Amino acid sequence: MKISRVEHMCEGNGHVIIKDILEGPQLNGKCGLYAEVTLEPGCSLGYHEHHGESETYYIISGQGEYNDDCRYRTVGPGDITFTPSGHGHGLANTGNSDLVFMALIILD
């Protein structure tokens, strides 16, 4: 599995650690991303919009604040978020431990 550390992803704070579960040909042209993502305490994935694709997060551990088209809610283990094409979202770790989630981007 490829692991990347991305600084200030989508103009967020700190960094994001992305562990690709599937890559390239394994995504079969139907998915843009299937990965485990980690936000360490104080880090965030900045607000961004999706066009021609949707993105789902499944929260595995930790606590965060989810920005759903500028509506905010707390998320934790077992929560699911969905952002359809034409909409945006962001996520910040608001806890004292890592916020870990699965991210799935499905192409329209």
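**Both Tyr 57 and Phe 101 are buried.** The model is predicted: local features need a pLDDT of at least 70 and side-chain atom pairs count only at pLDDT 80 or more, while totals for chains, interfaces and linings use all residues. Residue numbers start from 1 along each chain as its sequence is written, and side-chain values use heavy atoms, with hydrogens and water left out. Buried means under 20% relative accessible area, exposed means over 50%, and partly exposed is in between (1.4 Å probe, protein chains only). Tyr 66 is buried, as is Tyr 57.

**Aromatic pairs: the structure holds 2 of them.** Tyr 57 and Tyr 66 form an edge-to-face pair, 6.1 Å centre to centre with 80° between the planes. Tyr 57 and Phe 101 form a tilted pair, 4.5 Å centre to centre with 50° between the planes. Tyr 57 lies in strand 5 and Phe 101 in strand 10, so this pair ties together parts that are 44 residues apart in sequence. Ring pairs link Tyr 57, Tyr 66 and Phe 101 into a cluster. Rings of Phe, Tyr and Trp (its six-membered ring) pair if their centres lie within 6.5 Å; planes under 30 degrees apart count as stacked, over 60 as edge-to-face and the rest as tilted.

**The largest nonpolar core has 17 residues, and Leu 39, Tyr 57, Leu 91 and Phe 101 have the most contacts inside it.** At least two residues of this core come from each of strand 2 (15-22), strand 3 (31-39), strand 5 (53-61) and strand 10 (99-107). A nonpolar core is a set of buried Ala, Val, Leu, Ile, Met, Phe, Trp, Tyr and Cys residues joined through side-chain atoms within 4.5 Å. Not counting residues up to four places away in sequence, Phe 101 touches Ala 35, Glu 36, Val 37, Leu 39, Tyr 57, Tyr 58, Ile 59, Ile 60 and Leu 91; contact means heavy atoms within 4.5 Å. In soluble globular proteins, nonpolar side chains tend to be buried together.

**An open sheet of 6 strands has the order 1-2-3-10-5-8 with antiparallel pairing.** Strand 1 (3-7) and strand 8 (80-83) are the edge strands, each pairing on one side only. Neighbouring strands of this sheet are turned by 25° against each other on average, direction ignored. Strands are DSSP runs (E, at least two residues) numbered from the N terminus, and two strands pair if DSSP finds at least two bridges between them. Strand 5 and strand 8 pair in the antiparallel sense over 4 bridges, with Tyr 57 opposite Thr 81 in strand 8.

**An open sheet of 4 strands, also with antiparallel pairing, has the order 4-9-6-7.** Strand 4 (44-49) and strand 7 (71-75) stand at the edges, each with a single partner strand, so one side of each is left without a neighbour in the sheet. The twist averages 15° from one strand to the next, where axes are lines fitted to C-alpha atoms and angles run from 0 to 180 degrees between N-to-C directions.

**Strand 6 (residues 64-68) pairs with strand 7 in the antiparallel sense over 5 bridges.** Glu 65 stands opposite Thr 74 in strand 7, and the bridge partner of Asp 68 in strand 7 is Arg 71. The hairpin of strand 6 and strand 7 has 2 residues between the strands, and Asp 69 takes a positive phi near 55° there.

**Strand 6 also pairs with strand 9 (residues 88-93), in the antiparallel sense over 5 bridges.** The bridge partner of Gly 64 in strand 9 is Asn 93. Asn 93 and Gly 64 are 29 residues apart in sequence and 4.4 Å apart in space, C-alpha to C-alpha. Asn 93 is buried, with a relative accessible area of 6%. Not counting residues up to four places away in sequence, Asn 93 touches Leu 39, Glu 40, Pro 41, Gly 42, Cys 43, Gln 63, Gly 64, Asp 98 and Leu 99.

**With a disulfide taken as a pair of cysteine sulfur atoms within 2.5 Å, the count comes to 0.** The sulfur of Cys 10 is 14 Å from the closest cysteine sulfur, in Cys 43, too far for a bond. Cys 70 is in no disulfide, and the nearest cysteine sulfur, that of Cys 10, is 14 Å away. Cys 10 counts as partly exposed at 32% relative accessibility, whereas Cys 70 counts as exposed at 54%.
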